[in-house]
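Dear colleague,

My findings on its interfaces follow.

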Protein chains: 2
Amino acid sequence: MENDIFRELKYLAFTARLKRISDNMLYNAKDLYKELELDIDPNWHLIFMMFKEKDTLTMTEIADAFQISQPAVIKIINKMKQKEYLIFTKDATDSRKQLLQLSAKAKENLPKLEKVWEAGRKSIMEILEGNETILEQLDEIENQISKMNYKQRVLKNLQDD
Amino acid sequence: MENDIFRELKYLAFTARLKRISDNMLYNAKDLYKELELDIDPNWHLIFMMFKEKDTLTMTEIADAFQISQPAVIKIINKMKQKEYLIFTKDATDSRKQLLQLSAKAKENLPKLEKVWEAGRKSIMEILEGNETILEQLDEIENQISKMNYKQRVLKNLQDD
DNA sequence: TATATTTGCATAACTAGTTAAGTAAATTAA
DNA sequence: TTAATTTACTTAACTAGTTATGCAAATATA
């Protein structure tokens, strides 16, 4: 590990390091669910969390909240439907909309799933121990990117020569 | 942005936030290279950096340094070869090994590419301004994960109930 | 009220990673 | 010195995201 090129490169490898960590956590989570014989995907817990606050959601609401593309949401949601965790109904007043709700199966499984997610939350707390300010730093970073994104900044910095 | 579920969820959404940021940067970088009409991929600059220290590399050396899988390295390297940025030769003493070297085309293009990477480095510095300690925090986080990974921690925390 | 624009969802093709499984060469051990 | 193991690379199938494009319904506008 001492000879880790990512650490040497500092700023230049920042994105690659975020990717390396998030990929590692993602594949760990997939592996975990497999071992626990749970037929769910790692990103579903965020969807479940949204349903805690509102029992009916649309694709667009989820895409907005997660800031991912609509096609990405459609894939996640269709898989949840296929595995019978969600029910789709057409909106009576706007037939373009798919109204999404948790199924009975989802609600039945919720207590078991919440135990796993709580253990996950604790695990992240352990991993971040002593470095909790990273969460506020991520806020700040996303804030900076929303003001001017990476591409725009590079183009600006190229001109400044 | 005030209503961002990821920020509310704190620890539970940590991984998703890392992914969101790194994906955003990745697609920005791809878009940037396209606009600048450079036929290179965002992750190539790390490979080029490795060639600064050693002019001949193998697939395995790259996989170890980046901590990504061999198949991932093969894909990156084959594309660099296909675009004529790399030359492959078989190791004379160990015919399993592919020796990789930068091509003449790569060396010619290097000054132009390095300008872009330097502007990229500056851009990351801007984005991280005031939050530079995130780099050490990422070190610490990777260190924690290497001691006990996410999956192992969740399994442990599930037992502790 | 006909037309133009916007919104919500869907599909296709692509990308950068993964795991699983396999082959051939090199090395180690009986 | 044969057999077993390890190493270096490869291929196939999968995953979770992206952009580009399209369509139909709803809304705004002339």
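**Domains and interfaces**

The domain assignment of chain A gives domain 1 (1–37) and domain 2 (40–128). Please bear in mind that this is a predicted model.

On the domain 1 side, A:Met25, A:Lys30 and A:Tyr33 account for 77% of the buried area, more than any other three residues. This interface has zero salt bridges and one residue pair in polar contact.

I turn next to the two chains. Their contact involves 75 residues of chain A and 74 residues of chain B. Together the chains bury about 8,000 Å², 68% of it on carbon and sulfur atoms. Within chain B, the most area is lost to chain A by B:Tyr11, B:Leu12 and B:Tyr150, which together make up 10% of what that side buries.

Between chain B and chain A there are 14 salt bridges. One of them pairs B:Asp139 with A:Arg17, whose closest N and O atoms are 2.7 Å apart. The chains also share 33 residue pairs in polar contact. Helix H2 of chain B provides the largest share of the side that touches chain A, namely 17 residues. By class, that side of chain B comprises 37 nonpolar, 15 polar and 22 charged residues.

With kind regards

Note on methods. Residues numbered from 1 in each chain as written. Chains lettered and ligands numbered in written order. Predicted model: local features only at pLDDT ≥ 70, side-chain atom pairs only at ≥ 80, totals over all residues. Heavy atoms only, no water. Contact = heavy atoms within 4.5 Å. Buried area = accessible area lost by both parts, 1.4 Å probe. Salt bridge = Lys/Arg side-chain N within 4 Å of Asp/Glu carboxyl O. Polar contact = N/O pair within 3.5 Å; in protein donor to acceptor, adjacent residues only side chain to side chain. Helix = DSSP H or I, 4+ residues; strand = E, 2+ residues; numbered from the N terminus. Nonpolar A, V, L, I, M, F, W, Y, C, P; charged D, E, K, R; others polar. Domains from an automatic or database assignment.
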